[in-house]
Amino acid sequence: MSPIPLDAPQYILWEITLACNLRCRHCAASAGRPRHDELTPEEALDLCDQMAGLKVPSVCLMGGEPLVRKDWVQIADRLRCHDIAVGLITNGWRFDNEAARQVEQLGICQVGVSLDAASAQLHDRLRNREGAHARALATIRRIAALPLTYRTVITSVSRTNLPELEGICELLVDIAPGFTWMVNITSCHDPDRFDPRDLIDEAGFLQLAEFIYRKRRELRGRLNVTATHDMGYFSERFDDLHDFEWSGCVAGLETLGIRSNGDVTGCLVLDDTFLEGNLRDRSLAELWADPEGFSYNRQFTVDMLEGACRGCDLGARCRGGCRDHAVSFTGSRFHYPYCLHRLERQGRQGDSKP
């Protein structure tokens with residue numbers, strides 16, 4: 001039986017610009033230059049009003065780098081005037097004292113910053129800009145001083161920085177107590193920027209699961225370590241990896257992704273094959289209510305599962321794991337390669353050291 005979508009998305013990821021002051025190797029959006037047809041300031045504010053009309057409770061402003069967009073404050077302010085909770089994800093380069101003041105004045109509830117390594121040299125290499133590590137750490141310290149509901153550090157893991165996790169953890173315990181550390185797995189959207197051979201393999205996946213499980217228990221109350229939707233699923237050995245209970249991909253069911261030119265998809269990291277339409281052609285409400293929209297989740301049946309997911313006893317609940325990572329790793333929307341439930345039943349244990 002297909003899951004039933006909610007009357008409105010509960011969480012919108014909004015790429016307000018594709019422009020970015022860094023060129024990170026693993027960027028899912030291949031950010032750098034703005035799209036040629038990005039929403040105008042007037043269109044962006046109208047979209048804020050549409051979100052309010054649909055009673056969307058929460059929006060996260062992303063990029064690219066959202067602070068590069070000149071009217072990001074006006075966008076956040078319009079959302080807050082509608083009593084919509086607003087989050088902000090930044091690379092930290094432009095998050096100075098003035099940006100911190102604006103965040104506090106606007107009543108933004110969450111700020112997240114990306115940190116890819118404990119080593120400044122490696123972080124800067126992955127981000128393709130010298131000084132990026134120092135700016136990220138300065139941003140973490142500024143976030144720590146703000147009256148935010150949620151403070152988040154995000155690390156995207158590949159083979160290159162998997163050995164860095166212990167060092168990052170020690171750093172965050174020192175400078176980011178009480179933060180949430182979200183650890184996700186790098187996928188490949190642009191082979192010219194990110195070498196697919198650097199994707200973590202099965203052994204790396206098991207090491208990462210063990211690391212998150214161990215640190216989540218060790219640091220409870222000091223640092224909230226959590227996996228994201230691309231890690232799992234239904235493990236008996238690692239039965240506590242998340243701040244949520246996995247029940248399948250929620251793209252187009254609970255979440256929505258909006259690109260800076262008005263393109264709409266179920267989740268911002270999904271590629272062009274998942275596009276549902278554009279806000280210049282149809283309203284947000286129309287796109288969300290389209291009975292044929294988001295069919296990969298809204299019209300899901302277990303016979304859509306492929307590869308190792310096909311015939312799984314938990315297929316109806318899991319629905320093939322994270323859509324983006326399934327496509328990135330296997331080319332199929334319904335075959336997730338590194339499933340803990342399956343690996344455990346195959347007797348795979350892996351190496352305990354990340």
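A: A salt bridge here is a side-chain nitrogen of Lys or Arg within 4 Å of a carboxyl oxygen of Asp or Glu. This is a predicted model, in which local features need pLDDT of at least 70, side-chain atom pairs count only at pLDDT 80 or more, and totals for chains, interfaces and linings use all residues. Residues are numbered from 1 along each chain as its sequence is written, and side-chain values use heavy atoms, with hydrogens and water left out.

The salt-bridge rule gives a count of 18. One of them joins Arg-69 to Asp-71, with 2.4 Å between the closest N and O atoms. Both residues of this pair are buried (under 20% relative accessible area; exposed is over 50% and partly exposed in between, with a 1.4 Å probe and protein chains only).

Arg-214 and Glu-166 form another salt bridge, at 3.2 Å from N to O. This pair links distant parts of the chain, 48 residues apart: Arg-214 lies in helix H7 (residues 202–218) and Glu-166 in helix H6 (residues 165–175). Helices (H or I, at least four residues) and strands (E, at least two) are DSSP runs numbered from the N terminus. Arg-214 is partly exposed because its relative accessibility is 22%, and Glu-166 is partly exposed because its value is 25%. Both residues belong to a salt-bridge network that also includes Glu-210, Lys-215 and Glu-218.

A further salt bridge pairs Arg-259 with Asp-272, at 2.7 Å from N to O. Arg-259 is in the loop between strands E8 (255–258) and E9 (263–265), and Asp-272 is in the loop between E9 and strand E10 (277–278), 13 residues apart. Arg-259 counts as buried because its relative accessible area is 8%, whereas Asp-272 counts as exposed at 52% relative accessibility.
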